[in-house]
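Hello,

Here is the structure I said I would pass on. My notes on it follow below.

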Amino acid sequence: MDNLSILTKGVDTLVTVVGAGFTGLYALFKLRDQMKVPVRVFESAPDVGGTWYWNNYPGARCDIESVHYSYSFDEKLQQEWTWSEKFAAQPEILRYLNHVADRFDLRKDITFNTKVTSVVWNEQEKYWTVTTNQGEVIKSRFFISGVGTLSVPKKPEFPGVENFKGPTLITGNWPKQPISLKGKRVGVIGTGSTGIQLITEIAKEVGELYVFQRTPNYSTPLGNGPTQAEEDLENKAKYTLIRHNARNHFLGVPYNEVQPSALAVSEEERLKVYEDRYQRGGFRLFIDSYQDILFDPKANETVSEFIRQKIHARVKRPEVAELLAPRDYCYGTKRPPMESGYYEVFNQDNVHLIDVKQTPISHIDENGVVVGDQLHEVDVLILATGFDAMTGPLFALGIQGKNHEKLTEKWKEGPRTYLGHTVSGFPNLFLVTGPQSPSVLYNMPLAIEDHVELATGIIQHMIDHQLLEVDADAQAEEEWVNHANELAQASLLPNTDSWYMGANIPGKPRRCLVYLGGAPKYRAICNEMIAKGYQGFHFKAVDPNSTLLQQVS
Ligand code: N01
């Protein structure tokens with residue numbers, strides 16, 4: 001009997017993958033077509049896309065250039081696809097993912113409209129029992145989570161929200177049928193990346209717009225525009241090099257002009273650099289200006305003040321500009337949102353900015369949003385209030401590991417992972433872009449490819465060596481958690497209330513959810529771990545006396 005048959009004996013499939021976004025599609029291709037192993041994929045939506053399926057709110061688009069924010073695993077795929085804009089909008093990214101699904105004939109092996117409701121480890125037989133809301137129960141040797149990092153919208157926390165008589169729309173679960181906001185009075189709660197994109201777009205057509213802002217953001221220009229044919233050809237000619245350079249950059253983009261310290265240069269020189277990066281757009285100001293802005297408050301203040309002045313220059317009414325200009329936290333410690341005309345929206349007479357930090361939203365009634373004792377009447381209410389990031393989607397899977405330990409229990413003081421990819425006591429389970437991996441501070445498609453390859457590499461190793469179980473060592477996990485926390489503590493992130501720190505969800509432990517060492521360092525650590533024979537993992541071989549081996553021999 002061959003090695004694969006040994007690992008699949010007594011189970012329904014070798015691998016179960018949950019999610020059919022960037023992760024699930026690549027994992028299915030890798031496992032089914034390259035490794036030729038049995039795999040099941042479950043997806044709660046009726047179609048592929050993941051994040052890009054659900055977040056179809058007006059204005060949604062990516063903010064890493066599409067030439068980088070795309071799969072790199074297939075040369076023909078990257079040669080044949082042409083993006084129409086520098087930063088593609090949600091419909092185009094969804095079309096791309098549909099194209100990938102069709103091109104590799106993936107859809108036929110995805111079970112849609114099906115939510116995984118529990119994932120329970122069977123210690124005796126060494127498999128996961130995966131249960132779905134459609135009543136299916138399967139035994140799977142391995143489980144790969146592709147549920148995404150920002151896929152569980154934050155629960156509305158406004159008393160009376162259920163009494164509102166008009167539609168209440170949640171950006172992370174936007175209606176699939178077209179909805180017209182033309183001429184309507186619309187209220188938007190939330191001014192993060194989502195709110196900023198949405199507000200800019202809908203301000204073009206709504207009657208009156210009420211923006212309820214608790215914390216202003218340091219938003220900078222996206223710098224979008226149509227794809228230039230010549231540039232596209234050039235990029236395609238050197239795609240291998242582009243990907244190589246992207247993979248060797250902290251954020252996964254091939255920028256190479258970052259300088260060591262904002263404080264080591266004259267003010268004139270610094271402002272010149274900030275202006276250049278601001279005008280060129282995207283993440284350049286954040287990641288390609290000065291290295292110390294995320295670590296040194298004085299360096300950070302130079303860029304924070306630069307952005308505040310930009311906001312004041314763009315917003316006509318000084319009191320509105322001042323409300324939009326953050327003062328009490330450092331730039332970059334909340335995820336920097338990109339904008340394309342956001343600040344100018346507040347120069348429109350029909351747009352009203354309401355500060356809900358000074359006076360919070362007290363409740364929502366049937367007619368609108370009540371702030372203090374003032375009612376702001378609206379026809380449509382939009383909640384752009386964010387997500388229960390990183391841990392929320394994993395907790396929703398109902399994962400239970402060795403000794404019946406629940407993941408929710410193990411992580412009650414905050415996530416504990418080895419390499420942001422595995423969890424000690426939860427064998428044969430792989431988290432793609434899990435907490436304490438570079439994930440959201442890296443170019444997501446590349447981060448996903450890295451993690452799918454790490455997981456499938458371990459699975460292939462286990463097939464080759466007839467290994468039934470892999471579990472992260474508790475000490476290795478402890479060291480990784482400490483390393484990730486130390487890096488976070490050395491940065492300015494912990495001082496700010498953000499979803500990076502879990503601070504946007506009441507009661508969630510305040511822990512940095514992201515690995516701040518950067519993707520190149522992270523990849524070097526993973527490669528070293530593999531070179532040292534999967535250091536930090538314990539494997540269990542098939543027991544020669546076990547019933548399993550007796551069955552297969
Ligand atoms: O969510 P957020 P998001 N009362 O948590 C406010 C990615 N993304 O969906 O800051 C009043 O950032 C909250 O206020 P505060 C990207 O990684 C990417 O916008 O907590 N307000 C904040 O203003 C991003 O970071 C793209 O004080 C309340 C907003 O709601 C991540 O998704 C586009 C409130 C939530 O902002 C999440 O972004 C969009 C309350 N009770 C998103 N509760 C790209 O371009 C919350 N808020 C790729």
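**Helix packing and the ligand site**

The axes of H16 and helix H18 (residues 519-531) come within 12 Å and cross at roughly 10°. Axes here are lines fitted to C-alpha atoms, for helices over the stretch in contact, with angles running from 0 to 180 degrees between N-to-C directions. Helices (H or I, at least four residues) and strands (E, at least two) are DSSP runs, numbered from the N terminus. H16 and H18 are therefore roughly parallel to each other (angles under 35 degrees count as roughly parallel, over 145 as roughly antiparallel, 65 to 115 as roughly perpendicular and the rest as oblique). Asp450, His451 and Leu454 of H16 meet Tyr522, Arg523, Cys526, Met529 and Ile530 of H18 in this contact, where contact means heavy atoms within 4.5 Å. The residues of the contact of H16 with H18 divide into 5 nonpolar, 1 polar and 2 charged. Ala, Val, Leu, Ile, Met, Phe, Trp, Tyr, Cys and Pro count as nonpolar, Asp, Glu, Lys and Arg as charged, and the others, Gly among them, as polar.

This is a predicted model, in which local features need pLDDT of at least 70 and side-chain atom pairs count only at pLDDT 80 or more, while totals for chains, interfaces and linings use all residues. Residues are numbered from 1 along each chain as its sequence is written, and side-chain values use heavy atoms, leaving out hydrogens and water.

Helix H8 (residues 239-247) packs with helix H16 (residues 444-464) at an angle of about 80°, their axes 11 Å apart. H8 and H16 are therefore roughly perpendicular to each other. Arg243, Ala246 and Arg247 of H8 make the contact with Leu446, Glu449 and Asp450 of H16. By type, the residues of this contact are 2 nonpolar, no polar and 4 charged.

Now the ligand. Of the 24 residues around the ligand, Glu157, Thr194, Arg214, Thr215 and Lys334 come nearest (a residue is near if one of its heavy atoms lies within 4 Å). The shell residues divide into 8 nonpolar, 9 polar and 7 charged.

Regards
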